[in-house]
Amino acid sequence: MSNFIVQTNQSAASTAAAKENARQAQFDDLVLEVKHVSGGYREGGFFGRGGSYKEVIHDVDFVVKHGEILGLVGESGTGKSTLTKMILGLLEPEKGEIIHHTKRPQIIFQDPYSSLNPAYTVEWAVEEPLRVFGKYDAEERKRRVHEMLRRVDVPEEVWHAKPDELSGGQQQRVSIAAALIRRPRFLIADEPVSALDVTIQMQILKLLKNLRTELDLSYLFISHDLNVVYELCDRVLVMRKGRIVEQGTVDEVYDHPKEEYTKQLLKAAE
Ligand SMILES: Nc1ncnc2c1ncn2[C@@H]1O[C@H](COP(=O)(O)OP(=O)(O)O)[C@@H](O)[C@H]1O
Ligand SMILES: [Mg+2]
């Protein structure tokens with residue numbers, strides 16, 4: 001009898017191991033490699049000549065794996081958005097290399113209102129990237145836009161409204177729809193819920209979680225709020241003064257932080 005129990009436990013253990021292996025394999029293909037990247041801003045001077053250079057990002061090295069939500073946490077001013085600009089190709093790194101394994105990532109920001117044109121309707125805003133793309137006719141564009149607006153739960157009553165007629169949560173849903181309408185594989189979210197009330201935050205996090213599975217997305221999710229990252233992310237990078245000082249699974253980092261800085265951040269978030 002005891003033998004039988006031992007065998008049962010072993011097979012349960014090997015099933016768990018197989019599941020974990022499958023999960024790992026899914027993560028094996030990479031979406032993004034950031035290799036020993038340093039960089040920052042040139043101030044003053046003229047067309048990059050003269051002036052002074054301030055390095056903001058120092059030797060940052062990490063990967064984003066397919067299917068994961070990778071959190072990037074750190075205090076305001078630490079360089080999270082600067083790193084994002086480099087990943088999007090808006091700012092050239094001074095050193096190191098950024099390798100994309102998917103087509104260009106899309107981004108959503110903290111303040112969706114500023115990324116939505118106040119003069120145009122919800123439907124127009126989500127259709128615009130497809131119009132620019134030029135691949136689909138008007139009918140197919142509308143079909144895709146309506147499908148996406150339903151997917152992100154923007155009620156049909158507001159499809160013809162302007163951004164200032166929407167709630168903050170609805171605005172963020174619209175900017176998520178616009179970011180996803182061309183079906184990117186990789187989404188960068190830079191403090192996407194930081195301006196929202198807690199209940200709305202939870203709804204948007206749930207939406208992002210569902211979209212990850214439904215649309216087979218990977219995320220780099222940036223936040224100064226460790227509780228939000230805990231809620232959503234698989235792994236986390238901790239950034240301090242432009243350096244990644246710690247990284248690991250959310251459970252590793254939150255339960256057994258190695259760095260004093262991480263411990264302080266966690267304490268502040270309690
Ligand atoms: N366009 C810019 N020109 C010069 N310095 C900048 C610019 N944008 C950000 N910085 C500086 O880079 C540092 C990191 O800023 P940022 O990347 O926005 O941090 P975070 O997103 O973590 O709050 C800060 O010291 C900030 O003042
Ligand atoms: Mg920022």
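Modeller: What follows starts with the ligand site and then moves out into the protein.

First, some ground rules. Residues are numbered from 1 along each chain as its sequence is written, while chains are lettered from A and ligands numbered from 1 in the order in which they are written. This is a predicted model, in which local features need pLDDT of at least 70, side-chain atom pairs count only at pLDDT 80 or more, and totals for chains, interfaces and linings use all residues; side-chain values use heavy atoms, with hydrogens and water left out.

Now the ligand. Ligand 1 is surrounded by 13 residues. A residue joins this shell if one of its heavy atoms lies within 4 Å of the ligand. The closest are Gly77, Gly79, Lys80, Ser81 and Thr82. By class, the shell has two nonpolar, six polar and five charged residues. Here Ala, Val, Leu, Ile, Met, Phe, Trp, Tyr, Cys and Pro count as nonpolar, Asp, Glu, Lys and Arg as charged, and the others, Gly among them, as polar.

Which elements build the shell? Strand 1 (30–43), strand 2 (52–65) and helix 2 (80–87) each supply at least two residues. Helix 2 gives the most, with four. Helices (H or I, at least four residues) and strands (E, at least two) are DSSP runs, numbered from the N terminus.

Next, the polar contacts, meaning pairs of N or O atoms within 3.5 Å; within protein, one must be able to donate a hydrogen and the other to accept it, and residues adjacent in sequence count only if both atoms are side-chain atoms. A polar side-chain atom of Thr82 sits 2.5 Å from an oxygen atom of ligand 1. Thr78 uses a backbone N or O atom, 3.2 Å from a ligand oxygen. The side chain of Tyr41 brings an N or O atom to 3.3 Å from a nitrogen atom of the ligand. Taken alone, ligand 1 exposes 560 Å², and the protein buries 64% of that. Such accessible areas come from the Shrake-Rupley method with a 1.4 Å probe; for residues, only the protein chains shown count as cover.

Val31 counts as buried because its relative accessibility is 2%. Buried means under 20% relative accessible area, exposed over 50%, and partly exposed in between (1.4 Å probe, protein chains only). Leaving aside neighbours within four places in sequence, Val31 is in contact (heavy atoms within 4.5 Å) with residues including Val64, Ile99, Phe186 and Ser218. Val31 and Phe186 are 155 residues apart along the chain, yet their C-alpha atoms are separated by 7.1 Å.

That is one example of a wider pattern. Of the contacts in the protein chain with a separation of 6 or more, 68% join residues 24 or more positions apart. The chain has ten helices and nine strands. Buried residues make up 44% of its 270 residues.

Look at helix 6 (residues 168–180), where Gln172 has its place. Gln172 is buried, because its relative accessibility is 0%. Its side chain makes a polar contact with the side chain of Ser175 at 2.4 Å. The Gln172 side chain also reaches the backbone oxygen of Pro192 at 2.8 Å.

In helix 4 (residues 122–133), Val122, Glu123, Ala125, Val126, Glu127 and Leu130 are buried. An α-helix has 3.6 residues a turn, so residues three or four places apart point the same way. The cover over the buried residues of helix 4 includes helix 5 (138–151) and helix 6. Gly134 follows helix 4, and its phi is positive, near 75°.

Last, the aromatic rings. Rings of Phe, Tyr and Trp (its six-membered ring) pair if their centres lie within 6.5 Å; planes under 30 degrees apart count as stacked, over 60 as edge-to-face and the rest as tilted. The count comes to three pairs. One of them, Tyr120 with Trp124, has centres 3.8 Å apart and planes at 15°, so this pair is stacked. Trp124 is partly exposed at 27% relative accessibility. Tyr230 and Tyr254 have centres 5.0 Å apart and planes at 45°, so that pair is tilted. It links distant parts of the chain, with Tyr230 in helix 8 (residues 226–232) and Tyr254 in helix 9 (residues 250–255). Tyr230 is partly exposed at 43%, whereas Tyr254 is buried at 15%.
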